Amino acid sequence: MEYQLVPMDHSHLPAVAALERLCFTTPWNEAMLEEELYNDTASFIVAQRDDGEVLGYAGLHVILDEGYIDNVAVRPEYRRQGVADRLLDVFCRFGQARLAFLTLEVRPSNTAAVALYEKHGFREAGRRKNYYENPTEDALLLTKEFKP
Ligand SMILES: CC(C)(COP(=O)(O)OP(=O)(O)OC[C@H]1O[C@@H](n2cnc3c(N)ncnc32)[C@H](O)[C@@H]1OP(=O)(O)O)[C@@H](O)C(=O)NCCC(=O)NCCS
């Protein structure tokens, strides 16, 4: 499958918002995603085929030397083909060069996502009680530390 990883821009907003609605019970809408285009601490990237189709996306916020991964999502019909692997690789390589650690929250029941993050070297750093709604669930706090 041929696709490029590109920075998210205005042209991607409808497709990324649709992907959010498809994947999450409390999805980010277009306005929330658009705000990130003007946020200096945010780096959002999109996996896009040459014909324009958005296959997946991922978002990162960086504060000093700390990286917080917001979302990684891939359209159901393009899953299990390494798209999330490539998206996450971008953030891990950036982290290796520039950050002390990357961190994120995930539902423990989301076995695909937990396996993805563990594959990339994230380890459990704690839990946030009843962090998620619809349905209520704890958040697993996963962190990947980078050696200086
Ligand atoms: C989690 C998600 C992003 C994975 O995307 P993907 O493009 O299918 O993942 P990849 O094909 O790159 O797989 C990378 C690794 O993730 C893990 N993985 C992905 N899907 C998996 C599944 N269904 N079951 C178990 N492990 C899985 C595996 O370790 C895999 O490595 P491998 O192929 O060497 O076994 C995708 O399932 C998704 O969009 N889910 C809904 C949104 C979501 O829950 N995002 C995470 C929120 S924190």
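Start by selecting Val106. Beyond its neighbours within four places in sequence, Val106 is in contact (heavy atoms within 4.5 Å) with Ala113, Val114, Tyr117, Tyr132, Asp138, Ala139, Leu140 and Leu142. Before you go on, note that this is a predicted model, where local features need pLDDT of at least 70 and side-chain atom pairs count only at pLDDT 80 or more, while totals for chains, interfaces and linings use all residues. Residues are numbered from 1 along each chain as its sequence is written, and side-chain values use heavy atoms, with hydrogens and water left out.

Now widen the selection to the core. A nonpolar core is a set of buried Ala, Val, Leu, Ile, Met, Phe, Trp, Tyr and Cys residues joined through side-chain atoms within 4.5 Å; buried means under 20% relative accessible area, exposed over 50%, and partly exposed in between (1.4 Å probe, protein chains only). The largest such core has 29 residues, and Val106 is among those with the most contacts inside it, along with Ile69, Val72, Leu88, Leu102, Tyr117 and Phe122. Helices (H or I, at least four residues) and strands (E, at least two) are DSSP runs, numbered from the N terminus. H3 gives the most to this core, with 6 residues. A second, separate core has 13 residues, including Ala17, Val46, Val54 and Ala73.

Next, go to the ligand.

- Val74: a backbone N or O atom lies 2.8 Å from a ligand oxygen.
- Arg79: a polar side-chain atom lies 3.4 Å from a ligand oxygen.
- Lys119: a polar side-chain atom lies 2.8 Å from a ligand oxygen.

Stay with Arg80, in the loop between E4 and H3. Its phi is near 65°, a positive value in a residue other than glycine. Is Arg80 buried or exposed? Arg80 counts as exposed because its relative accessibility is 85%.

Asn130, in strand E6, also has a positive phi, near 50°.

Finish at Pro135, in the loop between E6 (123-132) and E7. A cis peptide bond joins Asn134 to Pro135, with omega about -10°.

How values were computed: A polar contact is a pair of N or O atoms within 3.5 Å; within protein, one must be able to donate a hydrogen and the other to accept it, and residues adjacent in sequence count only if both atoms are side-chain atoms.
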